[in-house]
Protein chains: 4
Amino acid sequence: MSDAARSCDHEGSSRKQLISQYQQVRKQTMELTQGLSAEDMMLQSMPDASPAKWHLAHTTWFFETFLLQPHLAGYQSYDEAYQYLFNSYYETVGDRHPRPLRGILSRPSLQQVAGYRQYVDEAMLQLLQSSTADIEAAVTIGLHHEMQHQELLQTDIKHALSLNPYALSQAGTTAEHSKSAANSEKEPEFLPFKGGLAFIGTNAESCFAYDCEQPRHQVFVPEFSLCERLVTNAEWLDFMADDGYQRPRLWLSDGWATVQKEGWQSPLYWQQIDGQWFTIKNHKRELLDLAAPVCHISYYEAEAFARWRGCRLPTEFEWEYAAQFVETEGNFLEQGHNLPQPVCGDGKSVKQMFGDAWEWTQSPFIPYPGFSVPDGALAEYNGKFMANQWVLRGGSCATAAQQMRLTYRNFFYAHQRWQFTSLRLAK
Amino acid sequence: MSDAARSCDHEGSSRKQLISQYQQVRKQTMELTQGLSAEDMMLQSMPDASPAKWHLAHTTWFFETFLLQPHLAGYQSYDEAYQYLFNSYYETVGDRHPRPLRGILSRPSLQQVAGYRQYVDEAMLQLLQSSTADIEAAVTIGLHHEMQHQELLQTDIKHALSLNPYALSQAGTTAEHSKSAANSEKEPEFLPFKGGLAFIGTNAESCFAYDCEQPRHQVFVPEFSLCERLVTNAEWLDFMADDGYQRPRLWLSDGWATVQKEGWQSPLYWQQIDGQWFTIKNHKRELLDLAAPVCHISYYEAEAFARWRGCRLPTEFEWEYAAQFVETEGNFLEQGHNLPQPVCGDGKSVKQMFGDAWEWTQSPFIPYPGFSVPDGALAEYNGKFMANQWVLRGGSCATAAQQMRLTYRNFFYAHQRWQFTSLRLAK
Amino acid sequence: MSDAARSCDHEGSSRKQLISQYQQVRKQTMELTQGLSAEDMMLQSMPDASPAKWHLAHTTWFFETFLLQPHLAGYQSYDEAYQYLFNSYYETVGDRHPRPLRGILSRPSLQQVAGYRQYVDEAMLQLLQSSTADIEAAVTIGLHHEMQHQELLQTDIKHALSLNPYALSQAGTTAEHSKSAANSEKEPEFLPFKGGLAFIGTNAESCFAYDCEQPRHQVFVPEFSLCERLVTNAEWLDFMADDGYQRPRLWLSDGWATVQKEGWQSPLYWQQIDGQWFTIKNHKRELLDLAAPVCHISYYEAEAFARWRGCRLPTEFEWEYAAQFVETEGNFLEQGHNLPQPVCGDGKSVKQMFGDAWEWTQSPFIPYPGFSVPDGALAEYNGKFMANQWVLRGGSCATAAQQMRLTYRNFFYAHQRWQFTSLRLAK
Amino acid sequence: MSDAARSCDHEGSSRKQLISQYQQVRKQTMELTQGLSAEDMMLQSMPDASPAKWHLAHTTWFFETFLLQPHLAGYQSYDEAYQYLFNSYYETVGDRHPRPLRGILSRPSLQQVAGYRQYVDEAMLQLLQSSTADIEAAVTIGLHHEMQHQELLQTDIKHALSLNPYALSQAGTTAEHSKSAANSEKEPEFLPFKGGLAFIGTNAESCFAYDCEQPRHQVFVPEFSLCERLVTNAEWLDFMADDGYQRPRLWLSDGWATVQKEGWQSPLYWQQIDGQWFTIKNHKRELLDLAAPVCHISYYEAEAFARWRGCRLPTEFEWEYAAQFVETEGNFLEQGHNLPQPVCGDGKSVKQMFGDAWEWTQSPFIPYPGFSVPDGALAEYNGKFMANQWVLRGGSCATAAQQMRLTYRNFFYAHQRWQFTSLRLAK
């Protein structure tokens, strides 16, 4: 499997490339806030989410805490108090501001936070002039960390603005009929895979990967088949029309309890107006594109849909096995769509493995055999979340392209829906 | 009792005076937001409170809804959507944005809300050129309504900023010793009142009063005595030192449950640093002034303190009976203190009846005999709150002077502490 | 007002009479548990309620703690552990078993508790042979305390069994048409009262009264009129038919929030089956008697109904003023009806002032002027509950006749409905 | 692997053996209630638990619903209402009484439920006289279902009685020093296993197994080693002494949140009295046996302990791989210990794989490849719980011996502690 080499092409090993990447990632984050006011960037609409301003500050805090303070001689903090305010969950680094109260931070102002970013960027460029391998490794983590927050920034602000009836009504509604690909009504094909004893994960020798993707190890994957594309909105409407949200037998027990408690009747952000279904794109109501992949569904909904169709979700091993033959290309953040896009299936190869929307797998997020937590504060990165969450694979339209790779394991709780999440059927 | 006439001096019956009052009140509201950023004005720190921006918009909505729309020919709404967004609780006027979600309104922006105020002010001045008695009566209510929100705006933003450790630390701490009046350590005197069959409330014939202050009626008030001044911070520290917050016998049953649940050990905003007690003034920590009235206490705390001292709280009838001989003057909003101030007691007359801090009374907020709800939307003003709340009297350092009068009945729930609330002992 | 003397007729001052009363009250409690199994007597269906077994034990604990332990030489406790288990809320007497966990006490068994009652009764009779005035006073309190618990025992078990679909279905349904008095459809008359400066409360000189009924004091009662009878079920159905439970304008703000949260559409225990309304009597569904007083309503519902009818609730002072001319007789526990009964109104005098159902008044439960808490543990009896509750007057079909008197003040929270509560209109 | 055959020895294929097994299992259930009163058997101390009376009825309901009603000609239900009352979670069978309200069922009485059991047993014996293979298969499920409830009955009543201070104090305390095996202080050895491609699960051809244990399939198990015995109480005290419950770095993120919220400082039921640690056995406080396996711990605690020791929990595949060489024998229900017992480890073979206490594994409860849900109501048995729960293996001192087998997968949520749960270290 040549994937490891392949997915690293964009990561320069030279210092110059790293500096360039640093500048590009940091700039991309700021670009994601275009069109948002200081007031918008205060919003925290639920404890799971964070204000955009907080994302800007926290990603900067990461570089200050793990790079500048330990490694740049004579570095003066921008503001000592930020240490406490913008720590997220690193218990080893000290106390932190309570997560559900991030929305209370009207001060420091957006302007101050922008100043913080600039101050740290200047110091980082100085540090990068004479960096060591250790430093470069930590910077790489910092950039991948920031790309993760780029995605959260997008999904968090989408959620917050969706709750403001005024913001939505001001944005107007796009009611054009979708130009679905002609073949979207064709039944998609299931492509067979032989399986066998396969290698899963990576040892991160030649390129970056998180601890939870390691070590590379063997897994026995029985024969299986995968649907060539993601489930579409049209198929989801069929599920709804067949009382999918009303029949307990289709659901996991915890899933049914959640449906009842939350009153779910459709994916998140869907709204029916005068008989037509709309969703939200770029903070605006838009007519549902029937040929596009369904999005903003929980694990419970994905699992119930699969059962309704007489199928199941793939395991993360099946997914990785199948994806090794696919280019790491797709509808990522840089395409600017901000919603999964339709795809023309031809029944000859798997489509949409990368980009468009995260694919829920049937695999809980647990350690790979031989997993070990690295030393130091960054040890808290992934290992402590290895309970009660589910692996998603493949990235979404809000994921930065260079963040994605074959072995990437994203994870969320089964009830969460505010990420760009979808599903692919397996048998 | 000449009070009714007296307290109306500042209210002009002529149109010109009303216009002048309109301009003054509207300007005062904006002045209260000086030093606050658009981000600060987004904050809603608890369901009881509202964002400052919301107060600006809601008070404006009042004039648009009850004056301009029905009475100004050809008036065009600034924005139709504001009708829904900035309604507070007037069920008759239509649906409204849920109260606990007022903090989600990043849009409309502060700038748009400021534009709204200006737009409505211009239209109002036009309307006031040719107003009728009916219109002038409604405008007067609108101004008194706005003055109520001026006080809430101050207490709401104080609460929100108090939760931001950064805002407090940036503001610094004032640790100067208080210049308490020399006689603050003298035991205050209790002044005797004869009581008897007294007239309470007003018929609002010559000046403005809310429905709940009406009608004027007879109450039999037994003999009583009132402490000449409010309870001081020094006295409250004695209560704390005597385990006041630890002894269930001193408390009402509901009060003790609240103390346990909330973990109260002192008034709101108090913090002990290196053995010294501080409170918050103008969003800044300040050394506690021992001679000043205690402030930010719940009814439960007031009641427990009184029991501890072998006294009780006055009834609202006793308070009004005693206050009829006192000028409606004191430490109001216009003094700019933003905290209750010490007073020199001389044992010859009651002090601090008006201004400084609201005084909890032992009287639940219920209708006066013969109370009737006025017709129309404004009927919802006070009557629907006549359960489970307690009457407070006298106004505070955050109350506009012209809002106060002898018969004014403020009301809050027994557990609420974020208003400028204090107590006076009675026997 | 000769009432005080009158209402004491049944209380003997002589020792012999007290012994007889002791035996009668204690026996009456046990009789109320006829038909209940040990399993039934375990039930605690909500934190407000207690298991029947707990009532049996707690009332006995009262005599052991306040009479036998301090006053009977050589008395040995039945079981030391009961001291902790069966204390209700007397903070001064020591720690106690948490109220919401009373239902966990499968041990001691009902048989042990019955043994406890017998053991204490024998010791009490011994004590009463040579009692002093102090002891007799405390015994009298104990008996009145037990009568209060007799009423709670009935309402608590009614609530618990109402939640068991099996118990209800086993009991069967009484679907006979009600034999309403012919004149029940006549509009009831309002009887006028002149009011004036009245004496309210008692000094408890010649007969027993709780601390909260004291001292006797003057209140100015303006002219008023009272409906001759309680509101009937037929009238309540009119309220429901007129969308009484759907119109926010009819409700107090807290009341409307409660209606929404609880989903109230009718009084407690009402159920519509095949177009007919039923309620529960003796743990059995029974066709609603249209002429009988409405029952099991909250203060909020009573208040909304009165507003709907253009009336109001009486104050407790009006009620007491009107009731002073009425015999303390009515449908009490001893009549065995277990539901309020219809009354024939003749428009010449007030009916149903005593018995049938408690009448919500517009008066919050607060201290009378000059109220003072007695010393000792019994001091906790009523004073600590003087916040957020409302006074009810007149007793119910579950009240022991000798417990009732003109000045009796019962009190509950505005949302509580499981007592036998009704209303009388005032103007 | 000869285990499948082996573990089935006790299951007779002949009708006579099935009848004998039926009688034995049903009798064993009743014997577990010895010493419990009708009042004890009402207790439901948390929504996770059920009253003992409910377990008696529900297991009987299973036979009535799935055997007698469909298969015994002319069968009359004991009581039609039981259908609703004693359904647990079978959505297909109809509505059911809400789980958290099972404790409200004072009626039917224990006596009636005992009558129900006898009535159904008689009818079942009649049915079994002429049973078919289908019927026998369903009866076998019913008996295994009842054995599961035998274990829950024990753990549920243990939890309920542990909350009653009176019950505990009456039972007395056993303070004898434990007679720990002399070698308990020896460091246990880790036994190496080679791993490889292994068969896991069963096809249930020759003996009973639940759907979730099927189908038999291949899993690649890397080399590993297992501790020869379970973690002991002595080792757990070391963990506590080393601030195990105070150090967030040792815990999963969800685990640490649970520790904080619940205030956990030790396993469930542990209490320190005068410096000595006690636990509960047979509803009685007993001195902690230091050499015995730790018990009543959550997954979170097991996982944190393993991390603290530099180890990890085994996967369920490792466990099953290692257990295939071990006899299915151990300290089961029939031994009557009611607490895990010490074991003498010799470092030559794995001990305590079966019995004593359930072993938390690192494996979430998800379907085996090729898992399919059987048709009919019994389809709801396990599949719907395949989310957010963790697999436990090996049975406990409360498990009936014939219920256990190599492939048995028990499952609970990570925070649950009231089962007999322990851990074994792996590397």
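Colleague: How many residues does the contact take from chain C, and how many from chain B?

Modeller: This is a predicted model, and in it the contact takes 32 residues from chain C and 32 residues from chain B. The area buried between these two chains is about 2600 Å², and carbon and sulfur atoms give 60% of it.

Colleague: What is the count of salt bridges between chain C and chain B?

Modeller: The count is zero salt bridges between chain C and chain B, although the rule finds eight residue pairs in polar contact across this interface, with both residues at pLDDT 80 or more.

Colleague: How should I read the relation between two copies of a chain?

Modeller: The general idea is that two copies of a chain are related by a rotation about an axis and a shift along it. In this structure, chain C can be laid on chain B with an RMSD of 0.0 Å by a turn of 180 degrees and a shift of 0.0 Å along the axis. The two copies are therefore related as by a two-fold rotation axis. The same surface serves both of them, since 100% of the contact residues of chain C recur in chain B.

Colleague: Turning to chain A and chain B, how many residues does each give to the contact, and what area is buried between them?

Modeller: The contact takes 32 residues from chain A and 32 residues from chain B, while the buried area is about 2400 Å², of which carbon and sulfur atoms give 60%. In chain A, the residues that lose the most area to chain B are A:Glu39, A:Arg107 and A:Tyr166, together 34% of what that side buries.

Colleague: How many salt bridges does the rule find across the interface of chain A and chain B?

Modeller: The rule finds four salt bridges across the interface of chain A and chain B. A:Glu39 forms a salt bridge with B:Lys53, and their closest N and O atoms are 2.9 Å apart.

Colleague: Which element gives the most to the side of chain A that touches chain B?

Modeller: In chain A, α4 (82-85), α5 (110-129), α6 (133-162) and α7 (165-171) each supply at least two residues of the side that touches chain B, and α7(A) gives the most, with four residues. By class, that side of chain A has 18 nonpolar, nine polar and five charged residues.

Colleague: Which chains do not touch?

Modeller: No contact joins chain A and chain C, whose closest C-alpha atoms lie 15 Å apart. Chain B and chain D do not touch either, and their nearest C-alpha atoms are 15 Å apart.

Colleague: Finally, is A:Gln403 buried or exposed?

Modeller: Buried means under 20% relative accessible area, so A:Gln403, at 1% relative accessibility, counts as buried. A:Gln403 is found in the loop between β10 (389-393) and β11 (410-413) of chain A. Leaving aside residues up to four places away in sequence, A:Gln403 touches A:His144, A:Met147, A:Gln148 and A:Tyr408.

Technical notes: Residues are numbered from 1 along each chain as its sequence is written. Chains are lettered from A and ligands numbered from 1 in the order in which they are written. This is a predicted model: local features need pLDDT of at least 70, side-chain atom pairs count only at pLDDT 80 or more; totals for chains, interfaces and linings use all residues. Side-chain values use heavy atoms; hydrogens and water are left out. Contact means heavy atoms within 4.5 Å. Buried area is the accessible area (1.4 Å probe) that two parts lose on being put together, summed over both. A salt bridge is a side-chain nitrogen of Lys or Arg within 4 Å of a carboxyl oxygen of Asp or Glu. Ala, Val, Leu, Ile, Met, Phe, Trp, Tyr, Cys and Pro count as nonpolar, Asp, Glu, Lys and Arg as charged, and the others, Gly among them, as polar. Copies are superposed by least squares on the C-alpha atoms of residues with pLDDT of at least 70 in both. A polar contact is a pair of N or O atoms within 3.5 Å; within protein, one must be able to donate a hydrogen and the other to accept it, and residues adjacent in sequence count only if both atoms are side-chain atoms. Buried means under 20% relative accessible area, exposed over 50%, partly exposed in between (1.4 Å probe, protein chains only).
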